[in-house]
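Please keep the sequence and the model in view while reading.

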Amino acid sequence: QLTPYAGGSQIATIAATLGGFKFEDASDARRYETLLHQYADFVRALRDFAQAQHERGIILPDVETDAAQAVFAGYAQPAQADALVPAPERLHTLAPAEQTSARNAAQRIVAREIVPAFHSVADYLGGAYRGGAPSGVGLWQYPGGAEYYRYLVTANTTLTIAPEKLHNMGVDAVADLNGELNNIRREVRFHGGLAQFKAFLARDPRFFVKTPQAFGERLEVYVRRAAAAAPRFFERFPKAPYGVEPVAKELAASQTFGYYDQPTAARPKGLYRFNAWHPEKASALGAGALICHELIPGHHFQIALQQENAALPNVRRYDFSETGFLEGWGEYASQLCWDMGVYETPYDKAGRLMQDLMVSTRLVVDTGMNAMRWPRERAMAFMRENLTLSDAQIASESLRYSTDIPGQALAYKTGEMTLLDLRAHARKTLGGAFDIRRFHSWVLDSGSMTLDTLRRHVDYEIAQQKRSGG
(Lines give C-alpha, C1' and ligand atoms only; values in the text may rest on other atoms or scores of the structure.)
Protein backbone atom coordinates (compact mmCIF):
# COMPACT_ATOMS: atom_id res chain seq x y z
CA GLN A 1 0.00 0.00 0.00
CA LEU A 2 0.97 3.63 -0.48
CA THR A 3 -0.07 5.02 2.87
CA PRO A 4 2.58 6.37 5.27
CA TYR A 5 2.17 3.70 7.96
CA ALA A 6 1.59 0.70 5.69
CA GLY A 7 3.70 1.52 2.66
CA GLY A 8 6.12 3.61 4.69
CA SER A 9 6.71 0.83 7.22
CA GLN A 10 7.35 -1.72 4.45
CA ILE A 11 9.87 0.61 2.84
CA ALA A 12 11.50 1.34 6.21
CA THR A 13 11.77 -2.40 6.93
CA ILE A 14 13.45 -3.05 3.58
CA ALA A 15 15.80 -0.11 4.07
CA ALA A 16 16.70 -1.33 7.57
CA THR A 17 17.35 -4.85 6.22
CA LEU A 18 19.64 -3.47 3.55
CA GLY A 19 21.34 -1.30 6.16
CA GLY A 20 22.07 -4.38 8.27
CA PHE A 21 23.29 -6.55 5.38
CA LYS A 22 26.63 -8.22 6.21
CA PHE A 23 29.40 -8.36 3.62
CA GLU A 24 31.87 -11.23 4.01
CA ASP A 25 33.10 -11.80 0.46
CA ALA A 26 32.54 -10.70 -3.13
CA SER A 27 29.51 -12.96 -3.52
CA ASP A 28 27.73 -10.94 -0.81
CA ALA A 29 28.41 -7.77 -2.79
CA ARG A 30 26.76 -9.30 -5.85
CA ARG A 31 23.83 -10.45 -3.75
CA TYR A 32 23.45 -6.93 -2.36
CA GLU A 33 23.27 -5.57 -5.91
CA THR A 34 20.45 -8.03 -6.63
CA LEU A 35 18.60 -6.87 -3.53
CA LEU A 36 18.89 -3.24 -4.62
CA HIS A 37 17.45 -4.13 -8.04
CA GLN A 38 14.57 -5.91 -6.27
CA TYR A 39 14.01 -2.88 -4.05
CA ALA A 40 13.56 -0.72 -7.15
CA ASP A 41 11.18 -3.34 -8.58
CA PHE A 42 9.16 -3.22 -5.36
CA VAL A 43 8.76 0.56 -5.48
CA ARG A 44 7.76 0.43 -9.15
CA ALA A 45 5.19 -2.24 -8.26
CA LEU A 46 3.68 0.14 -5.70
CA ARG A 47 3.13 2.65 -8.51
CA ASP A 48 1.35 -0.01 -10.59
CA PHE A 49 -0.68 -1.09 -7.56
CA ALA A 50 -1.87 2.45 -6.94
CA GLN A 51 -2.96 2.85 -10.55
CA ALA A 52 -4.85 -0.46 -10.48
CA GLN A 53 -6.67 0.55 -7.31
CA HIS A 54 -7.51 3.93 -8.81
CA GLU A 55 -9.06 2.25 -11.84
CA ARG A 56 -11.31 0.27 -9.45
CA GLY A 57 -12.40 3.43 -7.61
CA ILE A 58 -10.37 2.70 -4.46
CA ILE A 59 -8.70 6.07 -3.95
CA LEU A 60 -7.28 7.67 -0.85
CA PRO A 61 -8.73 10.99 0.31
CA ASP A 62 -6.54 13.92 -0.74
CA VAL A 63 -5.46 14.62 2.84
CA GLU A 64 -3.95 11.13 3.09
CA THR A 65 -2.47 11.33 -0.39
CA ASP A 66 -0.62 14.47 0.71
CA ALA A 67 1.05 12.50 3.51
CA ALA A 68 1.86 9.52 1.26
CA GLN A 69 3.34 11.76 -1.41
CA ALA A 70 5.64 13.34 1.18
CA VAL A 71 6.91 9.90 2.28
CA PHE A 72 7.82 8.82 -1.26
CA ALA A 73 9.37 12.17 -2.10
CA GLY A 74 11.40 11.95 1.12
CA TYR A 75 12.90 8.57 0.17
CA ALA A 76 14.12 10.08 -3.10
CA GLN A 77 16.20 12.67 -1.24
CA PRO A 78 20.01 12.36 -0.88
CA ALA A 79 20.01 11.53 2.84
CA GLN A 80 17.77 8.52 2.29
CA ALA A 81 19.36 7.43 -0.98
CA ASP A 82 22.93 7.61 0.33
CA ALA A 83 22.02 5.29 3.20
CA LEU A 84 21.67 2.45 0.68
CA VAL A 85 25.31 2.77 -0.40
CA PRO A 86 27.37 0.66 2.05
CA ALA A 87 29.90 2.67 4.04
CA PRO A 88 33.54 1.57 3.73
CA GLU A 89 33.60 0.15 7.27
CA ARG A 90 30.83 -2.30 6.29
CA LEU A 91 33.03 -3.60 3.44
CA HIS A 92 36.25 -4.11 5.39
CA THR A 93 36.28 -7.89 4.75
CA LEU A 94 36.45 -7.33 0.98
CA ALA A 95 39.58 -6.62 -1.03
CA PRO A 96 40.12 -2.90 -1.84
CA ALA A 97 39.11 -3.32 -5.49
CA GLU A 98 35.99 -5.25 -4.46
CA GLN A 99 35.07 -2.50 -2.00
CA THR A 100 35.28 0.14 -4.70
CA SER A 101 33.27 -2.01 -7.10
CA ALA A 102 30.55 -2.67 -4.52
CA ARG A 103 30.14 1.00 -3.66
CA ASN A 104 30.12 2.08 -7.31
CA ALA A 105 27.52 -0.54 -8.21
CA ALA A 106 25.28 0.50 -5.31
CA GLN A 107 25.57 4.18 -6.22
CA ARG A 108 24.68 3.39 -9.83
CA ILE A 109 21.58 1.33 -8.94
CA VAL A 110 20.38 3.87 -6.41
CA ALA A 111 20.78 6.79 -8.83
CA ARG A 112 19.41 5.09 -11.96
CA GLU A 113 16.67 2.87 -10.51
CA ILE A 114 15.70 3.45 -6.89
CA VAL A 115 15.53 7.25 -6.77
CA PRO A 116 13.60 7.48 -10.09
CA ALA A 117 11.16 4.83 -8.83
CA PHE A 118 10.40 6.88 -5.73
CA HIS A 119 10.06 10.04 -7.81
CA SER A 120 7.62 8.22 -10.12
CA VAL A 121 5.33 7.27 -7.24
CA ALA A 122 5.47 10.76 -5.73
CA ASP A 123 4.68 12.39 -9.08
CA TYR A 124 1.73 10.08 -9.70
CA LEU A 125 0.31 10.78 -6.25
CA GLY A 126 0.61 14.48 -6.94
CA GLY A 127 -1.23 14.29 -10.22
CA ALA A 128 -3.56 11.83 -11.95
CA TYR A 129 -4.13 9.67 -8.86
CA ARG A 130 -6.21 12.40 -7.20
CA GLY A 131 -8.99 12.28 -9.74
CA GLY A 132 -12.22 11.01 -8.16
CA ALA A 133 -10.88 11.02 -4.58
CA PRO A 134 -13.54 10.84 -1.83
CA SER A 135 -14.06 13.82 0.43
CA GLY A 136 -14.40 11.78 3.64
CA VAL A 137 -12.55 8.95 5.37
CA GLY A 138 -13.33 5.42 6.51
CA LEU A 139 -13.69 2.02 4.87
CA TRP A 140 -17.49 2.05 5.07
CA GLN A 141 -17.68 4.34 2.01
CA TYR A 142 -15.97 1.90 -0.41
CA PRO A 143 -17.62 -1.07 -2.19
CA GLY A 144 -17.45 -3.98 0.25
CA GLY A 145 -15.77 -1.72 2.78
CA ALA A 146 -17.93 -2.67 5.76
CA GLU A 147 -17.28 -6.37 5.23
CA TYR A 148 -13.60 -5.75 4.70
CA TYR A 149 -13.37 -3.82 7.95
CA ARG A 150 -14.97 -6.69 9.87
CA TYR A 151 -12.31 -8.94 8.35
CA LEU A 152 -9.57 -6.50 9.45
CA VAL A 153 -10.93 -6.49 12.99
CA THR A 154 -10.57 -10.26 13.16
CA ALA A 155 -7.22 -10.29 11.35
CA ASN A 156 -5.65 -7.72 13.65
CA THR A 157 -7.15 -8.66 17.01
CA THR A 158 -7.24 -12.41 16.18
CA LEU A 159 -10.57 -12.44 18.00
CA THR A 160 -14.09 -12.89 16.69
CA ILE A 161 -15.74 -9.69 17.86
CA ALA A 162 -18.06 -7.10 16.31
CA PRO A 163 -16.78 -3.56 15.69
CA GLU A 164 -19.72 -2.17 17.62
CA LYS A 165 -18.80 -4.18 20.71
CA LEU A 166 -15.21 -2.98 20.53
CA HIS A 167 -16.48 0.58 20.22
CA ASN A 168 -18.52 0.29 23.41
CA MET A 169 -15.63 -1.37 25.24
CA GLY A 170 -13.47 1.57 24.26
CA VAL A 171 -16.02 4.12 25.47
CA ASP A 172 -16.19 2.37 28.86
CA ALA A 173 -12.39 2.08 29.16
CA VAL A 174 -11.89 5.77 28.38
CA ALA A 175 -14.41 6.73 31.04
CA ASP A 176 -12.73 4.49 33.65
CA LEU A 177 -9.25 5.81 32.86
CA ASN A 178 -10.40 9.40 33.06
CA GLY A 179 -11.72 8.57 36.52
CA GLU A 180 -8.35 7.15 37.59
CA LEU A 181 -6.53 10.17 36.22
CA ASN A 182 -8.91 12.43 38.10
CA ASN A 183 -7.95 10.62 41.31
CA ILE A 184 -4.30 11.43 40.63
CA ARG A 185 -5.29 15.05 40.03
CA ARG A 186 -6.74 15.09 43.53
CA GLU A 187 -3.73 13.25 44.98
CA VAL A 188 -1.28 15.90 43.75
CA ARG A 189 -3.74 18.64 44.79
CA PHE A 190 -3.91 20.20 41.38
CA HIS A 191 -6.09 23.29 41.31
CA GLY A 192 -8.30 22.91 38.26
CA GLY A 193 -10.45 20.35 36.50
CA LEU A 194 -9.43 17.21 34.61
CA ALA A 195 -9.07 19.01 31.28
CA GLN A 196 -6.75 21.57 32.89
CA PHE A 197 -4.78 18.77 34.56
CA LYS A 198 -4.24 17.08 31.19
CA ALA A 199 -3.10 20.37 29.72
CA PHE A 200 -0.65 20.70 32.62
CA LEU A 201 0.66 17.18 31.99
CA ALA A 202 1.13 18.01 28.32
CA ARG A 203 2.98 21.32 28.78
CA ASP A 204 4.63 21.70 32.16
CA PRO A 205 8.44 22.05 31.80
CA ARG A 206 9.10 19.42 34.47
CA PHE A 207 8.01 16.73 31.98
CA PHE A 208 10.50 17.82 29.31
CA VAL A 209 14.28 17.62 29.03
CA LYS A 210 16.76 19.86 27.25
CA THR A 211 18.63 17.41 25.01
CA PRO A 212 18.18 14.04 23.28
CA GLN A 213 20.87 12.64 25.57
CA ALA A 214 18.89 13.73 28.63
CA PHE A 215 15.79 12.01 27.21
CA GLY A 216 17.77 8.79 26.86
CA GLU A 217 18.99 9.13 30.45
CA ARG A 218 15.40 9.54 31.62
CA LEU A 219 14.47 6.33 29.81
CA GLU A 220 17.38 4.51 31.42
CA VAL A 221 15.93 5.25 34.89
CA TYR A 222 12.95 3.06 34.06
CA VAL A 223 15.09 0.43 32.32
CA ARG A 224 16.94 -0.05 35.61
CA ARG A 225 13.74 -0.19 37.66
CA ALA A 226 12.13 -2.76 35.36
CA ALA A 227 15.29 -4.88 35.20
CA ALA A 228 15.56 -4.96 39.00
CA ALA A 229 11.96 -6.12 39.41
CA ALA A 230 11.84 -8.60 36.51
CA PRO A 231 13.19 -11.69 38.38
CA ARG A 232 10.11 -11.63 40.60
CA PHE A 233 7.86 -11.89 37.55
CA PHE A 234 9.75 -13.95 34.95
CA GLU A 235 11.47 -17.35 34.90
CA ARG A 236 13.53 -16.77 31.75
CA PHE A 237 15.31 -13.78 30.26
CA PRO A 238 16.66 -13.14 26.79
CA LYS A 239 20.38 -13.55 26.22
CA ALA A 240 20.44 -10.55 23.88
CA PRO A 241 21.43 -7.31 25.61
CA TYR A 242 19.20 -4.26 25.38
CA GLY A 243 19.38 -0.51 25.59
CA VAL A 244 18.09 2.81 24.27
CA GLU A 245 19.40 4.94 21.41
CA PRO A 246 18.01 7.86 19.41
CA VAL A 247 16.59 7.30 15.94
CA ALA A 248 18.80 8.46 13.09
CA LYS A 249 18.45 12.23 12.84
CA GLU A 250 17.50 12.14 9.17
CA LEU A 251 14.56 9.84 10.01
CA ALA A 252 13.22 11.96 12.87
CA ALA A 253 10.58 13.71 10.75
CA SER A 254 9.05 10.36 9.69
CA GLN A 255 8.89 8.89 13.22
CA THR A 256 6.18 10.43 15.42
CA PHE A 257 7.21 8.22 18.32
CA GLY A 258 10.03 5.73 18.82
CA TYR A 259 10.11 2.02 18.06
CA TYR A 260 11.69 -1.25 19.16
CA ASP A 261 14.52 -2.40 16.89
CA GLN A 262 14.96 -6.13 17.40
CA PRO A 263 18.33 -7.92 17.52
CA THR A 264 19.88 -8.93 14.21
CA ALA A 265 22.93 -10.92 13.19
CA ALA A 266 24.73 -7.66 12.39
CA ARG A 267 23.64 -6.02 15.66
CA PRO A 268 22.73 -8.61 18.33
CA LYS A 269 21.19 -6.07 20.69
CA GLY A 270 17.57 -5.03 21.18
CA LEU A 271 17.12 -1.27 21.15
CA TYR A 272 14.35 1.16 21.90
CA ARG A 273 15.04 3.93 19.41
CA PHE A 274 13.52 7.12 20.73
CA ASN A 275 12.75 10.32 18.84
CA ALA A 276 13.83 13.31 20.92
CA TRP A 277 15.68 15.37 18.34
CA HIS A 278 13.24 18.15 19.19
CA PRO A 279 13.20 17.71 22.99
CA GLU A 280 10.85 20.65 23.47
CA LYS A 281 8.20 18.52 21.73
CA ALA A 282 9.09 15.15 23.27
CA SER A 283 7.37 14.74 26.63
CA ALA A 284 9.07 12.38 29.06
CA LEU A 285 5.90 11.98 31.13
CA GLY A 286 5.26 8.50 29.75
CA ALA A 287 8.91 7.40 29.64
CA GLY A 288 8.29 4.56 32.08
CA ALA A 289 5.24 3.28 30.23
CA LEU A 290 7.18 3.42 26.95
CA ILE A 291 10.12 1.40 28.30
CA CYS A 292 7.81 -1.23 29.77
CA HIS A 293 5.97 -1.59 26.46
CA GLU A 294 8.86 -1.35 24.03
CA LEU A 295 11.83 -2.87 25.87
CA ILE A 296 11.49 -4.68 29.21
CA PRO A 297 9.38 -6.54 30.03
CA GLY A 298 7.70 -5.72 26.71
CA HIS A 299 8.83 -6.29 23.15
CA HIS A 300 12.45 -7.11 23.95
CA PHE A 301 11.51 -9.94 26.30
CA GLN A 302 8.88 -11.14 23.85
CA ILE A 303 10.80 -10.89 20.57
CA ALA A 304 14.32 -11.77 21.72
CA LEU A 305 13.09 -14.81 23.67
CA GLN A 306 11.21 -16.03 20.59
CA GLN A 307 14.24 -15.51 18.34
CA GLU A 308 16.43 -17.42 20.78
CA ASN A 309 14.00 -20.33 21.21
CA ALA A 310 15.64 -23.14 19.23
CA ALA A 311 12.72 -25.45 20.05
CA LEU A 312 10.58 -23.48 17.60
CA PRO A 313 10.88 -24.03 13.84
CA ASN A 314 12.38 -21.03 12.03
CA VAL A 315 9.05 -20.18 10.44
CA ARG A 316 7.78 -19.45 13.97
CA ARG A 317 10.97 -18.14 15.57
CA TYR A 318 10.99 -15.16 13.24
CA ASP A 319 7.27 -14.63 12.67
CA PHE A 320 5.87 -11.60 14.51
CA SER A 321 2.82 -11.08 12.31
CA GLU A 322 0.16 -11.71 14.97
CA THR A 323 -0.49 -8.10 15.92
CA GLY A 324 -2.90 -8.93 18.73
CA PHE A 325 -0.26 -11.05 20.43
CA LEU A 326 2.64 -8.72 19.67
CA GLU A 327 1.13 -5.37 20.64
CA GLY A 328 -1.14 -6.94 23.22
CA TRP A 329 1.95 -8.18 25.07
CA GLY A 330 3.51 -4.73 24.84
CA GLU A 331 0.50 -3.12 26.48
CA TYR A 332 0.11 -5.95 28.99
CA ALA A 333 3.79 -5.49 29.94
CA SER A 334 3.25 -1.77 30.39
CA GLN A 335 0.28 -2.54 32.63
CA LEU A 336 2.32 -5.17 34.51
CA CYS A 337 4.76 -2.45 35.54
CA TRP A 338 2.13 -1.23 38.02
CA ASP A 339 2.68 -4.49 39.92
CA MET A 340 6.43 -4.43 39.30
CA GLY A 341 6.72 -1.06 41.05
CA VAL A 342 8.17 0.78 38.06
CA TYR A 343 5.68 3.63 38.39
CA GLU A 344 6.84 5.15 41.66
CA THR A 345 5.42 8.69 41.54
CA PRO A 346 1.93 10.01 40.80
CA TYR A 347 3.28 11.42 37.55
CA ASP A 348 4.78 8.06 36.53
CA LYS A 349 1.28 6.66 37.02
CA ALA A 350 -0.28 9.54 35.10
CA GLY A 351 2.07 8.78 32.22
CA ARG A 352 0.90 5.17 32.12
CA LEU A 353 -2.75 6.22 32.32
CA MET A 354 -2.27 8.63 29.41
CA GLN A 355 -0.73 5.81 27.35
CA ASP A 356 -3.66 3.57 28.26
CA LEU A 357 -6.05 6.36 27.28
CA MET A 358 -4.32 6.49 23.92
CA VAL A 359 -4.83 2.82 23.10
CA SER A 360 -8.36 2.80 24.56
CA THR A 361 -9.33 5.83 22.50
CA ARG A 362 -8.24 3.91 19.42
CA LEU A 363 -11.05 1.41 20.00
CA VAL A 364 -13.53 4.26 19.80
CA VAL A 365 -12.22 6.24 16.83
CA ASP A 366 -11.01 3.35 14.65
CA THR A 367 -14.40 1.66 14.80
CA GLY A 368 -16.15 5.03 14.72
CA MET A 369 -14.66 6.15 11.41
CA ASN A 370 -14.63 2.76 9.66
CA ALA A 371 -17.82 1.08 10.85
CA MET A 372 -20.05 3.76 12.37
CA ARG A 373 -19.61 6.49 9.75
CA TRP A 374 -18.02 9.02 12.02
CA PRO A 375 -16.54 11.95 10.09
CA ARG A 376 -12.86 12.49 10.75
CA GLU A 377 -13.64 15.76 12.53
CA ARG A 378 -15.71 13.92 15.16
CA ALA A 379 -12.93 11.42 15.78
CA MET A 380 -10.34 14.19 16.08
CA ALA A 381 -12.57 16.04 18.54
CA PHE A 382 -12.88 12.87 20.68
CA MET A 383 -9.10 12.45 20.66
CA ARG A 384 -8.56 16.11 21.49
CA GLU A 385 -10.97 15.82 24.41
CA ASN A 386 -9.31 12.76 25.93
CA LEU A 387 -5.63 12.90 24.96
CA THR A 388 -2.74 15.34 25.17
CA LEU A 389 -1.47 14.87 21.62
CA SER A 390 -0.69 17.89 19.48
CA ASP A 391 -3.01 18.82 16.64
CA ALA A 392 -0.40 17.52 14.18
CA GLN A 393 -0.24 14.16 15.97
CA ILE A 394 -4.03 13.89 16.10
CA ALA A 395 -4.21 14.66 12.39
CA SER A 396 -1.64 11.97 11.64
CA GLU A 397 -3.14 9.35 13.96
CA SER A 398 -6.70 9.89 12.73
CA LEU A 399 -5.51 9.19 9.18
CA ARG A 400 -3.67 6.11 10.41
CA TYR A 401 -6.90 4.66 11.79
CA SER A 402 -9.23 5.67 8.98
CA THR A 403 -7.30 5.28 5.73
CA ASP A 404 -3.79 4.04 6.40
CA ILE A 405 -3.99 0.78 8.37
CA PRO A 406 -7.60 0.51 9.62
CA GLY A 407 -8.06 -2.08 12.36
CA GLN A 408 -4.37 -2.41 13.28
CA ALA A 409 -4.62 -0.04 16.24
CA LEU A 410 -7.37 -2.18 17.78
CA ALA A 411 -4.83 -4.90 18.59
CA TYR A 412 -3.11 -3.07 21.45
CA LYS A 413 -6.00 -2.79 23.89
CA THR A 414 -7.77 -5.99 22.88
CA GLY A 415 -4.54 -7.94 23.32
CA GLU A 416 -3.90 -6.40 26.72
CA MET A 417 -7.45 -7.11 27.91
CA THR A 418 -7.21 -10.70 26.66
CA LEU A 419 -3.97 -11.30 28.56
CA LEU A 420 -5.33 -9.73 31.73
CA ASP A 421 -8.43 -11.92 31.40
CA LEU A 422 -6.30 -15.05 30.90
CA ARG A 423 -4.20 -14.20 33.95
CA ALA A 424 -7.31 -13.70 36.09
CA HIS A 425 -8.71 -16.99 34.76
CA ALA A 426 -5.49 -18.87 35.60
CA ARG A 427 -5.27 -17.27 39.05
CA LYS A 428 -8.89 -18.17 39.85
CA THR A 429 -8.56 -21.74 38.56
CA LEU A 430 -5.26 -22.53 40.27
CA GLY A 431 -5.79 -20.59 43.48
CA GLY A 432 -2.73 -20.67 45.71
CA ALA A 433 -0.80 -22.71 43.12
CA PHE A 434 -0.86 -19.83 40.65
CA ASP A 435 2.65 -18.54 39.83
CA ILE A 436 2.92 -15.28 37.85
CA ARG A 437 6.38 -16.28 36.61
CA ARG A 438 5.09 -19.56 35.23
CA PHE A 439 2.10 -17.81 33.63
CA HIS A 440 4.41 -15.49 31.72
CA SER A 441 6.40 -18.51 30.51
CA TRP A 442 3.18 -20.05 29.23
CA VAL A 443 2.51 -16.92 27.22
CA LEU A 444 6.01 -16.35 25.82
CA ASP A 445 7.69 -19.75 25.54
CA SER A 446 5.68 -21.01 22.57
CA GLY A 447 6.08 -17.88 20.46
CA SER A 448 3.58 -15.68 18.68
CA MET A 449 0.08 -17.05 18.12
CA THR A 450 -3.47 -15.85 17.70
CA LEU A 451 -5.22 -14.80 20.88
CA ASP A 452 -7.88 -17.48 20.43
CA THR A 453 -5.08 -20.07 20.21
CA LEU A 454 -3.36 -18.53 23.24
CA ARG A 455 -6.53 -18.95 25.26
CA ARG A 456 -6.61 -22.68 24.45
CA HIS A 457 -2.87 -22.94 25.15
CA VAL A 458 -3.22 -21.41 28.61
CA ASP A 459 -6.10 -23.77 29.40
CA TYR A 460 -3.87 -26.67 28.34
CA GLU A 461 -1.07 -25.49 30.63
CA ILE A 462 -3.49 -25.05 33.53
CA ALA A 463 -4.75 -28.59 33.03
CA GLN A 464 -1.16 -29.92 32.87
CA GLN A 465 -0.25 -28.19 36.12
CA LYS A 466 -3.36 -29.50 37.89
CA ARG A 467 -2.69 -32.99 36.60
CA SER A 468 0.88 -32.94 37.89
CA GLY A 469 -0.23 -31.55 41.22
CA GLY A 470 2.11 -28.54 40.85
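The points below are grouped by topic.

The model is predicted. The briefing begins with an open sheet of three strands, continues with a pair of helices, H14 and H16, whose axes cross, and then turns to salt bridges, of which the count is 22. It ends with Thr-323, a residue of helix H13.

**The sheet**

- The strands of this open sheet follow the order E1-E3-E2, and their pairing is mixed.
- Because E1 and E2 stand at the edges with a single partner strand each, one side of each is left without a neighbour in the sheet.
- Direction ignored, neighbouring strands of the sheet are turned by 30 degrees against each other on average.
- Strand E1 (residues 242-246) pairs with E3 in the parallel sense, over five bridges. In this pairing, Val-244 stands opposite Tyr-272 of E3.
- Strand E2 (residues 259-261) pairs with E3 in the antiparallel sense, over three bridges. Here Tyr-259 is opposite Arg-273 of E3, and Asp-261 is opposite Leu-271 of E3.
- Helix H10 (residues 287-294) packs on the sheet and touches E1, E2 and E3. The direction of H10 makes about 145 degrees with that of E3.

**Strand E3**

- Is strand E3 (residues 270-274) enclosed or open to the outside? Five of its five residues are buried, so E3 is largely enclosed by the rest of the structure.
- In a regular strand, side chains alternate between the two faces of the sheet.
- In E3, Gly-270, Tyr-272 and Phe-274 point one way, while Leu-271 and Arg-273 point the other way. All of these residues are buried.

**Helices H14 and H16**

- The axes of helix H14 (residues 346-371) and helix H16 (residues 391-404) come within 9 Å of each other and cross at roughly 55 degrees.
- The two helices, H14 and H16, are therefore oblique to each other, and their crossing is right-handed.
- On the H14 side, the residues that meet H16 are Met-358, Arg-362, Val-365, Asp-366, Met-369 and Asn-370. On the H16 side, they are Glu-397, Ser-398, Arg-400, Tyr-401 and Ser-402.

- Side chains of opposite charge can pair when their charged atoms come close.
- Arg-423 forms a salt bridge with Asp-339, with the closest N and O atoms 3.8 Å apart. This pair links distant parts of the chain, since Arg-423 is in helix H17 (residues 410-430) and Asp-339 is in helix H13, 84 residues apart.
- Arg-423 is buried, with a relative accessible area of 13%, whereas Asp-339 counts as partly exposed at 46%.
- The side chains of Asp-421 and Arg-455 meet in a salt bridge of 3.0 Å, N to O. Asp-421 lies in helix H17 and Arg-455 in helix H19 (residues 451-468), so the pair ties together parts that are 34 residues apart in sequence.
- Asp-421 is partly exposed, with a relative accessible area of 40%, and Arg-455 counts as partly exposed at 30%.

**Thr-323**

- Thr-323 has its place in helix H13 (residues 323-340).
- Is Thr-323 buried or exposed? Its relative accessibility is 15%, so Thr-323 counts as buried, the limit for that term being under 20%.
- Leaving aside its neighbours within four places in sequence, Thr-323 is in contact with Asn-156, Gly-328, Gln-408 and Ala-411.

Note on methods:
Residues are numbered from 1 along each chain as its sequence is written. This is a predicted model: local features need pLDDT of at least 70, side-chain atom pairs count only at pLDDT 80 or more; totals for chains, interfaces and linings use all residues. Side-chain values use heavy atoms; hydrogens and water are left out. Helices (H or I, at least four residues) and strands (E, at least two) are DSSP runs, numbered from the N terminus. Buried means under 20% relative accessible area, exposed over 50%, partly exposed in between (1.4 Å probe, protein chains only). Contact means heavy atoms within 4.5 Å. A salt bridge is a side-chain nitrogen of Lys or Arg within 4 Å of a carboxyl oxygen of Asp or Glu. Two strands pair if DSSP finds at least two bridges between them. Axes are lines fitted to C-alpha atoms, for helices over the stretch in contact, and angles run from 0 to 180 degrees between N-to-C directions. Angles under 35 degrees count as roughly parallel, over 145 as roughly antiparallel, 65 to 115 as roughly perpendicular and the rest as oblique. A crossing is left-handed if the near helix is turned anticlockwise from the far one by less than a right angle, and right-handed if clockwise.
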